[in-house]
Amino acid sequence: MPMPPSRPRALITDFDGTMTLTDFYEVAVARCLDPDTPDYWASYAAGTITHFDAMAGIYRHIRCPETVVREEVLPDMQIDPALPEAIARLHGIGWDVIVVSNGSLWYIDILLAELGLGDLPRHGNPGHFVDGQGLILELPTDSPFFSPQHGIDKSLIVQNALQSYERVAFAGNGPPDLKPALLVPPELRFARTWLASALSERGESFHRYERWSEIVKYLMEKEFSS
């Protein structure tokens, strides 16, 4: 079912490594991972578990207390501090902003709420933190965009938006963002790090960004120059 638009255009954006400079996964693994964690990625590569199962398994082996994760790990993700102003400006020129993630809403909710963006629409994997058991990742089985492989199907969200909005843009950084990025026009495609390299290798056009707020600057300039 197409999502009901509140504005005529939509920017669908990844969170980890897109609205932040670094993924939660990278920071948490570097600082908090149990050294006896099994090699879940090897099992995923062998096809014995899903991508979601690999992520969930790793997150269960985070051994920093929740207070340390909140006070030290989450700040190290370096969320773009200009998000509130940038999103307000986009809303002002007719763009919805929709967050999509194969990570966990547990930390996304915390970081967005700290910036006063708790009402921003978002789709991701629920979760909760338990000291000694890590971040317990949950499948969003009640979501219309549910994927047993990743939790959330970003491509399905983009396809859905294309049926509802006049224009749809996409921003991302990692491997799960390649397919959804290719669904939108090149002039509305934004990428950094891995995604930027993958699109370049395929000869696909896109706009490179470093901070998420740079995307908003481009969209505003395009809006007022057209």
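Let's start with a pair of strands in this predicted model. Strand S4, residues 127-130, and strand S5, residues 134-137, run antiparallel and are joined by 4 bridges. To see how they line up, find Gly127: standing opposite this residue is Leu137 in S5. Between the two strands of this hairpin there are 3 residues, and Gly132 takes a positive phi near 90°.

The largest pocket comes out at a volume of about 470 Å³. It has 25 lining residues, and those closest to its centre are Asp23, Met55, Gly174, Pro175 and Pro176. Which elements give two or more residues to this lining? They are helix H1 (24-32), helix H3 (51-59), strand S2 (95-104) and helix H9 (193-201). If you sort the lining by class, you get 9 nonpolar, 9 polar and 7 charged residues.

Next up is the second largest pocket, with a volume of about 240 Å³. Among the residues lining it are Asn102, Ser147, His150 and Asp153. Pro175 and Pro176 belong to this lining too, and you've already met both of them as residues closest to the centre of the largest pocket. Which element gives the most here? That's H8, with 3 residues. By class, this lining splits into 5 nonpolar, 4 polar and 3 charged residues.

Terms used: Residues numbered from 1 in each chain as written. Predicted model: local features only at pLDDT ≥ 70, side-chain atom pairs only at ≥ 80, totals over all residues. Heavy atoms only, no water. 1 Å grid on protein atoms, 1.4 Å probe; cavity = no way out; pocket = protein on both sides within 12 Å on 5 of 7 lines; lining within 4 Å. Points joined across faces, edges and corners; volume = space filled by probe spheres on them. Nonpolar A, V, L, I, M, F, W, Y, C, P; charged D, E, K, R; others polar. Pairing = 2+ DSSP bridges.
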